[in-house]
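Hi there,

Here is the structure I promised to pass on to you. Please open it alongside this email and follow along as you read.

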Amino acid sequence: MTYVVTDNCIRCRHTNCVDICPADAFHLGPNFIVINPQECVDCGLCLPECPEAAITPENQLDDSNRHFLDLNATLAEHWPVILQRIPALEDHPQWSGVPNKLPHLIHEADPVDPVRDTHLAHA
Amino acid sequence: MSHEYDTVFVGAGLGALASASLMAQRGQKVLVVEKHNIPGGYASNFRRKDFTFDVSLHSFDGVMRGGHSFKVIEACGVADKVEFLHHPTLYRYRADDIDITVGHRDLEGYKNALFRFFPEETDNINRLFAESRRNYQDLCGFLYSRKPFWMRLVATPMVYPRVLRYGHETVDAYFSRFTANERLKEVLSAQWSYYGLPAKDLAFGYFSYPFIDYLDHGGYSIKGGSQALSQALVEVIEAHGGRVELESAVQRIVTSRGRIKGVVTRKSGEVRARNVVANISPQAVVALTGEEHFAPRYLSRLREQKLSVSGFQVYLGLDCPLSELGVGAEDYIHFFAPPKTQREQFEHIKAGELHPDNTSWSINYFSNIDPSMVPVGKSSLGLFTLTGPSEWHSLSKLEYRRKKQALTDLLIDNAERVMPGLRQHIEVCEAGSPRTMSKFTQNPEGAIYGFEQTTRQSGLFNRFPQKYPVKGLYQVGAWTFPGAGFIGTMLSARVLVDRYF
């Protein structure tokens, strides 16, 4: 089992989920955040933290969002681990609750600057 | 408001689940709201790979059929739904000068071991245990009487005199009635980490019940871990028309003209209820209700209450049986005590200066009790130390990870010294720090035992009250009377229901 970040997060990306995670399982992308299923320990602490209700346990995914399980796993391989919460995306209010944001997802990770990006793990 | 309940519980810890089961069986309509995805609070399990771990110490005192402590299990309707496994030994106390193993239900054997180390104290030890047993009987008389609560209170001085006589002194002061030997007094309170205070500061009233209950009736774990108990309580609640709402949270406790009106939960929105019983910290209760609903004097008294200490636990899954590392089948828990007094140790603990030369620590041989929680041929154990909150909560996540790893390594080094080769067999390693405790419970400073059990904060009259100054608002669990522990929180449920419901 793992927890999965789904559509509601895209272009909002509050990162409230990060600080509470005991397993450092979150990986940061430009306008989305994902959970590494290899690291997730199913504690569920992140679920109530998300103001967009974007986080779902794997066993509660349905046909409309099951593809996010693979997406989380794949993106986690390319994106850096985020250890500390950062501000939400600036225009998050206008994307909150908007359905089907997947076409807006940016897959390519931003380059990491070890000095500036203290919220990321550089290992 | 669409939903209506007699009583809503905030948090699904053991105190809430026990009282909800008692009330549901009496026909009340109850709702338990929990933020986490599993019920139980500290009475829950977690999995890493193929290993299942009990979150906390998982030790019950005296839950044998026919015993006093079993009555609360029966009253909650779960006596036939869970299986209790007795600990082959109660504990082993290991210090440079003294090494004592306390057997299962073997007070005579324990006394004989004490006689060997303290031959001149024989009479004193006999008198001490005789009176402690009488005190235990008085306590049970008071706790388990079928008489109305007020009648028990009135009758206490005459019928249960020891409850009042010893209730307000420290463990050390009580022991001093029988012996002047400082070392003996420390050895007698070998389990002090279960209570979170040195014997010189710990209230005897809180200590005295499990002290004798453990020795006379034994220590127990639940087969399948304490999650099995929490799950069984949920079944009882649901079988009697109650509801347990997981992955939700109470966002607000709603009052009107000084009385409870209901709550707002994340999943159900507004819920109307006559009573709200909190199983979270009183500080959080005040925040959810709104400070303006409490008198300034009440709030300042709440702020003056001292929090208990926190703890650090390492959970290890091993790729071999414990016997391969020289652990006997009879071992349950070993307490390692340095050549320092408990008070000296406690100063180091509060400052976070943890070292086997300064502070005691323990090994809990989990899979010796319940091998069904680990894969065949493998084993599990826990390493535990008390620790103060020190800077755990303010560190950045990277610094925090380093600190957590350092303390994990220290405890494994300690254990490696008594179990050579341990490190090579570690398959799973997980640790819980004071910050972890706060994450899962939201209790301030990672306090694991609610408010500290000093004489000023312990007992029926001095413990944080079960009733709030808002009509219909109550507290249950470790923060209130009698206090933390599996039996402690379940007794608090029983006292709450007996007294107010």
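Below are some notes on the domains, a pocket and the cavities.

First, some ground rules. This is a predicted model, in which local features need pLDDT of at least 70 and side-chain atom pairs count only at pLDDT 80 or more, while totals for chains, interfaces and linings use all residues. Residues are numbered from 1 along each chain as its sequence is written, chains are lettered from A and ligands numbered from 1 in the order in which they are written, and side-chain values use heavy atoms, with hydrogens and water left out.

Let's start with chain B. Its domain assignment (bounds come from an automatic or database assignment) gives domain 1 (3-44 + 67-81 + 223-306 + 451-500), domain 2 (108-217) and domain 3 (309-448). In chain B, the contact between domain 2 and domain 3 (heavy atoms within 4.5 Å) takes 13 residues from each of these two domains. Together, domain 2 and domain 3 of chain B bury about 1,100 Å², 58% of it on carbon and sulfur atoms; buried area is the accessible area (1.4 Å probe) that two parts lose on being put together, summed over both. On the domain 2 side, E186(B), W192(B) and S193(B) lose the most area to domain 3 of chain B, together 45% of what that side buries.

Across this interface there is 1 salt bridge, meaning a side-chain nitrogen of Lys or Arg within 4 Å of a carboxyl oxygen of Asp or Glu. D201(B) forms a salt bridge with R343(B), and their closest N and O atoms are 2.8 Å apart.

On a 1 Å grid over the protein atoms alone, a cavity is a set of points where a 1.4 Å probe fits but cannot get out; a pocket is an open set with protein on both sides within 12 Å along at least five of seven lines; and lining residues have an atom within 4 Å of a point. Grid points are joined across faces, edges and corners, and a volume is the space filled by probe spheres set on the points.

The second largest pocket has a volume of about 430 Å³. Its lining has 18 residues, with P22(A), A23(A), D24(A), K404(B) and E430(B) nearest the centre.

The whole structure has 5 cavities of 30 Å³ or more. The largest cavity, of about 100 Å³, has C21(A), F26(A), C40(A), C43(A) and C46(A) closest to its centre, out of 15 lining residues.

Happy exploring!
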